[in-house]
Amino acid sequence: MKRIVGLSLFLLGFSFFLFARDDLLPRHRQWLEDVSPILTPAEREIFSRLKSEADRDKFIKFFWRQRDPLPDTAENEFYKEYMERVRTADQMFGRGTSKRGSQTERGYFYLLLGPPLERQQFATHSQIWPLELWFYKGEVEFGLPPYFYLIFYQPQGSGEFRLYSPGIDGPEKLVIPAMSSRGLSRSSAYQILRQVNAELANASLNYLPGEQTLSSSGLASNMVLASVRSLPEKKFSDTYARNYLSYKDYVETEYSDRFIDSSFAAKIFRHSGQAFIHWTLEPRRINFAERGGRYQASFDLVLRLEDMDGTLILEDTEEIPLSLAPEQYQAHARQAFAFQDVLPVIPGRFRLFGLLKNKTAQDFTSFSALITVPGPATGIQLGELLIYHHRENAGGETGRGLRAFTFGGLHYLVNARNEFPPGAEMGIFVQVSGLSDMRLSPQTTVLVEIRSVEADGGGMSVRKSLAETFVGEGEGLDTGLFSLADLKPGYYSAELFLVDENSRPVASAKGNFVLLPRPLPLIPWVYARVHPPFPNAGHLYLLGSEHFQSGQHDQALARAGEALRLKDDPAARILLARILFALGRFEDALDAARPVYEATRSREAGKIVAASRAALKDWPAALAVLEELLAGATEVGLLNLAGECHLQLHQPEKALPYFEKSLGLVPDQPVVRELEKKAKSLIK
């Protein structure tokens with residue numbers, strides 16, 4: 001009984017709370033039932049958190065699109081085949097139970113695995129309960145055995161067929177007890193099954209053909225069942241689901257079934273004392289359109305930085321147009337394409353989220369990473385390891401500017417997954433802080449220990465003097481390239497140590513890489529912007545915005561002021577005005593925002609002008625700006641401020657329509673509800 005309950009919970013209980021929700025439309029309940037066997041845990045969890053009908057419909061489109069084997073054709077072959085499985089399972093397995101056939105245990109495995117190669121039914125034998133023996137050819141590439149059995153039986157000869165477990169149940173569960181006068185043992189039950197069918201008897205001991213013994217522990221069969229149950233996670237990518245809540249509002253309907261998998265990596269490095277996120281994004285493919293003899297694509301890039309409470313710290317957007325000559329396109333046709341850039345960042349722990357939309361092909365990819373930016377270091381500390389394939393002279397403006405994975409005039413070639421072909425060379429770059437605070441002996445060395453993460457794997461060591469690895473700019477250490485030819489394919493850790501003259505580690509840092517079994521073109525073709533050296537106006541503006549959103553107003557004020565001194569930019573002036581307003585310096589905020597508003601009629605500048613006028617109790621001047629802003633677009637905050645201004649001017653009859661309209665848009669505003677009551681009472 002315990003086994004049956006446990007299995008039922010596995011099949012149905014995990015998604016029960018989804019089925020039981022009152023806010024799901026019938027079609028969404030039906031979809032959840034139908035796809036339950038192939039839904040990954042991440043997909044279940046994200047779908048359960050969706051609130052609107054539109055978001056659920058969009059998610060379902062993503063779900064089927066990710067399983068389409070030929071996405072460029074009009075028909076989704078997987079969807080067609082799978083829904084035929086649902087229809088067949090409903091017809092075949094619904095008898096004797098109140099459930100739809102696809103929702104039974106036989107239905108679950110039929111939907112997940114498809115029709116078995118052979119299905120033998122034993123329904124009329126007097127010695128055994130009604131049962132079925134299924135024989136499958138497994139998808140080895142997804143961790144299934146080449147061939148395996150499944151047995152379903154009907155306990156006590158009635159009700160739903162249940163999955164039989166060789167390791168837990170044993171052959172005696174399949175035999176009618178009255179068929180043995182001395183009671184059933186494992187051996188006697190096996191002999192009864194063997195009289196019925198030798199293949200069935202063998203499968204009752206072990207689901208793997210050719211490995212049946214009466215003393216079998218059932219471990220192999222349990223592993224078969226475990227590999228079958230984990231098949232959705234191995235077979236179907238649910239990357240799209242993991243970030244769905246973050247990007248769903250940024251992706252238009254026409255993009256919604258065109259998600260492209262990608263690889264992403266981000267690391268923290270310092271330039272002129274300022275921390276930067278260096279990131280690389282490698283979409284699985286890039287789709288270009290041929291126009292006027294060139295290959296073109298236009299992208300929108302959205303970057304969001306949130307703190308660990310979900311507060312937005314920064315949102316930055318950029319348009320990236322690409323135009324390639326035919327010879328460029330052909331020369332890099334077999335290479336992955338990487339978008340790389342840098343982003344200045346304040347100390348703290350953050351989640352970086354990004355969305356890259358290809359407006360030409362109407363597809364997109366998303367990515368995210370957890371980022372930890374340390375504060376000022378004490379003593380000798382190593383930063384993150386940059387494990388690279390090759391390095392090249394940056395030269396020219398690139399060498400003097402700020403570019404992703406470029407240090408001291410050298411550009412380091414990396415891929416997001418840290419993968420290397422067999423027999424390759426590898427190098428490691430790392431920044432080190434605190435060297436100037438300590439006197440290291442000339443005998444100080446840099447030691448790299450490479451170890452396989454597998455028990456029987458090998459490893460290697462590389463040792464160099466501090467002098468030959470030190471590269472100066474950014475206090476970096478660079479091992480140079482060394483050969484991996486003696487290592488077998490597999491997963492490895494690489495740990496770099498600073499070792500003093502007494503062979504004691506002073507500091508260390510660790511990273512991972514993968515050595516592939518066959519050669520592949522792994523170094524991507526890179527698109528990367530070159531920024532002016534830090535400090536520059538653009539990066540100071542971003543840092544000021546991050547400090548402001550984090551509530552660090554004094555630091556924000558300093559950064560915004562520096563940005564304006566380098567470049568008098570409207571965006572920087574608006575940021576300065578916001579900071580001054582937050583500090584209660586309303587006159588200064590007005591002085592900063594008013595010239596921008598008068599010159600450009602910027603709504604953001606206008607909001608600060610209106611709020612500053614109101615804070616200074618200049619109600620008529622505030623209303624003049626608010627009326628102009630509300631003529632362009634309705635915003636709840638502006639409606640509320642206009643109503644308050646009219647109340648201050650003893651004009652409740654003019655204030656009331658603003659409060660009523662605001663509450664009509666967002667009813668849950670207790671403070672505004674009180675102001676509405678006040679306006680009504682004054683009118684009476």
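1. Phe62 counts as buried because its relative accessibility is 0%; buried means under 20% relative accessible area, exposed over 50% and partly exposed in between, with a 1.4 Å probe and protein chains only. Tyr240, at 0% relative accessibility, also counts as buried.

2. The model is predicted: local features need pLDDT of at least 70, side-chain atom pairs count only at pLDDT 80 or more, and totals for chains, interfaces and linings use all residues. Residues are numbered from 1 along each chain as its sequence is written, and side-chain values use heavy atoms, with hydrogens and water left out.

3. Across the whole structure, 47 aromatic pairs are found. Rings of Phe, Tyr and Trp (its six-membered ring) pair if their centres lie within 6.5 Å; planes under 30 degrees apart count as stacked, over 60 as edge-to-face and the rest as tilted. Phe62 and Tyr240 are stacked, because their ring centres are 5.9 Å apart and their planes are at 10°. This pair links distant parts of the chain, 178 residues apart: Phe62 belongs to helix α5 (residues 53-66) and Tyr240 to helix α12 (residues 239-242). Helices (H or I, at least four residues) and strands (E, at least two) are DSSP runs, numbered from the N terminus.

4. Phe276 and Phe534 make an edge-to-face pair, with 5.6 Å from centre to centre and 85° between the planes. Phe276 is in strand β6 (residues 274-283), while Phe534 is in the loop between β26 (525-528) and α17 (537-549), 258 residues apart. Both Phe276 and Phe534 are buried.

5. Arg67 lies over the face of Phe63, 3.8 Å from the ring centre. Arg601 lies over the face of Tyr597, at 4.2 Å from the ring centre. A charge sits over a ring if NZ of Lys or CZ of Arg is within 6 Å of the ring centre and within 35 degrees of the ring normal.
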